[in-house]
Amino acid sequence: MNYVALKMLFGDRAKYLMLLCGLTFAVMLIVQQGSIFWGLMIWSQSSVSNLNVPIWVTDPGIAQVDEVKPIADTAVDRVRSVPGVEWAVPLYKGLLRARLSNGDYHQITLTGLESSTLIGRPAEVLEGRFEDVLQPDAVVLDQWAVERMGGPNVIKIGTVFELNDKLARVVAIAKTQKSFTNIPVVYTTYERAIRYVPRERRTLSYVLAKAKDGVPVAEVTTRIHEQTGLGAFTAEDFGWKTIGWVLKNTGIGINFGTTILLGFIVGMAIAGQTFYLFTVENLRQFGALKAMGASTFTLARMILLQAFTVGLTGYGVGIGLATVFGFMTARSGGLPFIETWQLLLLVLVALLAICTFSALISIIKLARLEPAIVFR
Amino acid sequence: MDDSTDLQTQPAAVSLRGIVKSFGTGDTKVTVLRGIDLDIYLGEMLLLVGESGGGKTTLLSAIAGILEIDAGDIDVLGVPLSDLPTGKRTTFRGQTMGFIYQQFNLLPALTAAENVAVPLLIQKISRSEALRRARTMLDRVGLGDRTEFLPKNLSGGQQQRVAIARALVNEPRLLICDEPTAALDGPNGQKIMELLREVGRAPDRCVVIVTHDSRIFHFGDRMANLTDGRIVSIETITREGSA
Ligand SMILES: Nc1ncnc2c1ncn2[C@@H]1O[C@H](COP(=O)(O)OP(=O)(O)O)[C@@H](O)[C@H]1O
Ligand SMILES: [Mg+2]
């Protein structure tokens, strides 16, 4: 009877396509919204992940990575003296205005890396050599800076601009994860960074550190916090802390949460509803089968088979379409789109649940169905 | 063989005693069957006639075991239907009964052969064997050249033939037909009745046909008249040129 069930499903092409469209649309909507949401979350903490260091140390009251709360210069040595710390280096991070030779001003994030190790540098460089940042007045931009500050004709290797009336010369373009605020990042050495900025009492933004091999990172962060009184976070925790802050303090959490939830409810409602309608419209056929001696169990199996077949097909097509959409948006760079397997799995589980649910409602209806309707 | 007095010497294949059935409750309660007594014998074709709304379909549904009755006993091939739990009754129906409806009730997505194969598939017979037997059956109702057609590509008369083949494919002992000619024009109705007599009627089968179409009354062996919820008359139909 599986054969009969599938023929019934595919036989009425218009109804099948409508059913499939409903499910596909639902899956696409959820995967697309979910992936964009997740992409934004990844962007929001890219200031952490772009530096790719295991431990971040700073003021204990810090809320998120882009907020800078300067700490005393002595913090670097204090962190170095904590047992289990392999290395610790200073990081400067601050907002500054860059003045281009064409007179344009742009707000940038100045990132100063310790000069002897350049720890925190981006892993990939698109043009030039990162090491050239050690040359006089040299800076490295990230690829988004090129885009934001006027494009590759204005910003290229050799371009000179001013930071606080002091010269900066571009020697390389680095590849980084786009950030949420999309403020251009200018990399230089720590020593040069504090010369660019106006004199302040404290200049050290963060201490970046790594635990010795074999020592758990979480234990080292605890020790740093206990010995120095500073806030010490693993990169992962700091990323999550930042995501949490963004969710709480911007509209993104609520807005996207609502969209996703609505997409989910609407999508699943469409899916369940269309499938239920499909069975109701076929009630007479099922009644005829029942009159011919098909048990409720057999009919239940047929309906579940139909539900899962159309559900899984809709899942596949929906994800396919969402992914194509993702590729297109990712290429244009306008919206982040990060499709995680967790999301895909969640959608699959939800979809199968809703298919089972609407199949069950149909089955209950069929179990109660008087096969006598076939005589009417 | 056409002499019904011969038939009545054997025990009835279907025996109905005191069947009562009402629909609704209180003010809207209508009693449709008010104590039906009827015996149907193997080898005969019994017409159940009466005016529209008289309860013929209700009685058929009760015989088929797809409608609960309020009172009375239904005995089919020696089995009291009320003794069978729902699941067993469904299986029993699948194995012993065939149905033909006014609305042919073919599955629109299945070809003629596949439609005819369905009762066999329900009995868990393999698809290839079921289709083979379905094609043979379609051949017997004169549709050997239409086995792969979808119902929508067949005329009404042809669709009803497919339905007849489907009803007969598992060799039922009891063939139940509700207004089989009502959706067809006169000539096609006559052909369907001829086919039912030729192919449907068999020594070890009883055929019950509900109709209010007087043009086909002469096809039956006996005719029971259901009026006001009771069988008011049973007459034996004399056939010219037979016996
Ligand atoms: N499921 C039902 N619920 C309520 N009334 C019904 C139902 N089935 C039949 N009836 C009523 O029972 C009466 C007999 O119907 P039916 O058996 O279909 O008559 P016939 O087949 O002789 O035309 C009609 O008045 C009809 O409205
Ligand atoms: Mg009727």
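Author: A salt bridge is a side-chain nitrogen of Lys or Arg within 4 Å of a carboxyl oxygen of Asp or Glu. The model is a predicted one, in which local features need pLDDT of at least 70, side-chain atom pairs count only at pLDDT 80 or more, and totals for chains, interfaces and linings use all residues. Side-chain values use heavy atoms, without hydrogens and water.

Reader: What makes Lys15(A) and Glu281(A) a salt bridge?

Author: Their N to O separation is 3.3 Å, and the limit is 4 Å, so the pair qualifies. Asp12(A), Lys15(A) and Glu281(A) are linked in a network of salt bridges.

Reader: Why is Asp132(A) called buried?

Author: Buried means under 20% relative accessible area, exposed over 50%, and partly exposed in between (1.4 Å probe, protein chains only). Asp132(A) has 17%, so the residue is buried. Asp132(A) also forms a salt bridge with Arg129(A), the closest N and O atoms being 3.1 Å apart.

Reader: Why is Glu281(A) called partly exposed?

Author: Its relative accessible area is 46%, so Glu281(A) is placed in the partly exposed class. Lys15(A), with 23%, is partly exposed.

Conventions. Residues numbered from 1 in each chain as written. Chains lettered and ligands numbered in written order.
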